[in-house]
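Let's take a friendly walk through a protein model. Have a look at the sequence and the structure first, and then read on.

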Amino acid sequence: MMNKKVTVGLVGDYSQAVPAHLAIPTALLNSADALNIEVDIKWVPTHEITSTSRLSEFDGLWCVPASPYRSMDGALLAIRHARENGIPFLGTCGGFQHAIVDYARNVMGWVDAEHAETSPNTGRAVISALRCSLVETTGLVKLLPGTRIASAYGTTETTEGYRCRYGLNPEFQAALVTGPLRASAIDESGEVRAVELDNHRFYLATLFQPERSALKGESVPLALAFLKACAS
């Protein structure tokens, strides 16, 4: 991968007050150094995504934490664009939640699928309030054998940090993540903490925020795997 340059779009509404927003560029730059490639990182505010032309320059898309987004429709359009066109995609925290909503609406055909944070009275909240809030907590995550995420980490367990109150609604779990979208990581109670998509170059989303490791000077395996896919 010598002398390769890739352009990555960060889908989200940047705020200096969000630690993940500070961590992600660092994680990508460190990964680029490790791969000996050049990465051009550009923020893509969700309200600017009104057509896929806004996304055409990117080799990969990372849908970042800190939702509700300014435009849920913009975030969902970016996720769908990556999913349908084989563009490497990584979603973390809010990106995970909205990847589930996109899949429910546009693959399962559940046009009424919603996120409970923005539609609390919906009848089909595929993303619902967690039984135990995960705001500024850490926990053990089990990476399922044979998955892309387990390959990226090179292990079957990791300890990760969260900052979220919403996750995959267990009521819809069996229908949503038995293929081609699959659960690829679970917590100690068996709740889904990451998903990935079959037959896609790289499509992975985590409820936890792996990027935060970059703020401690540590490598971020998922950033490395994502960037490698962008350059391939």
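Arg-83 is buried, because its relative accessible area of 12% is under the 20% cut-off. Keep in mind as you look around that this model is predicted.

Where does Arg-83 sit? Arg-83 is found in helix H2, which covers residues 72-85. Its side chain makes a polar contact of 2.7 Å with the side chain of Asp-102. Beyond its neighbours within four places in sequence, Arg-83 is in contact with several residues, including Tyr-103, Leu-197 and His-200.

That brings us to His-200, which lies in the loop between strand E9 (192-197) and strand E10 (203-206). His-200 is buried too, with a relative accessible area of 8%. Again setting aside neighbours within four places in sequence, the residues in contact with His-200 are Ala-82, Arg-83, Gly-86, Ile-87, Pro-88 and Arg-148.

| Side chain of | Reaches | Distance |
|---|---|---|
| Arg-83 | side chain of Asp-102 | 2.7 Å |
| His-200 | backbone nitrogen of Phe-202 | 3.1 Å |

Phe-202 also belongs to a cluster, where ring pairs link it with Trp-62 and Phe-226. How many aromatic pairs does the structure hold? There are six aromatic pairs.

Finally, look at the start of the chain. Strand E1 (residues 4-11) and strand E2 (residues 37-44) run parallel and are joined by eight bridges. Within this pairing, Val-11 has Val-44 in E2 as its bridge partner. Together with helix H1 (residues 19-35), E1 and E2 make a right-handed β-α-β unit.

Note on methods: Residues are numbered from 1 along each chain as its sequence is written. This is a predicted model: local features need pLDDT of at least 70, side-chain atom pairs count only at pLDDT 80 or more; totals for chains, interfaces and linings use all residues. Side-chain values use heavy atoms; hydrogens and water are left out. Helices (H or I, at least four residues) and strands (E, at least two) are DSSP runs, numbered from the N terminus. Buried means under 20% relative accessible area, exposed over 50%, partly exposed in between (1.4 Å probe, protein chains only). A polar contact is a pair of N or O atoms within 3.5 Å; within protein, one must be able to donate a hydrogen and the other to accept it, and residues adjacent in sequence count only if both atoms are side-chain atoms. Contact means heavy atoms within 4.5 Å. Two strands pair if DSSP finds at least two bridges between them. A crossover is right-handed if, with the strands pointing away from the viewer, the path from the first strand over the helix to the second runs clockwise. Rings of Phe, Tyr and Trp (its six-membered ring) pair if their centres lie within 6.5 Å; planes under 30 degrees apart count as stacked, over 60 as edge-to-face and the rest as tilted.
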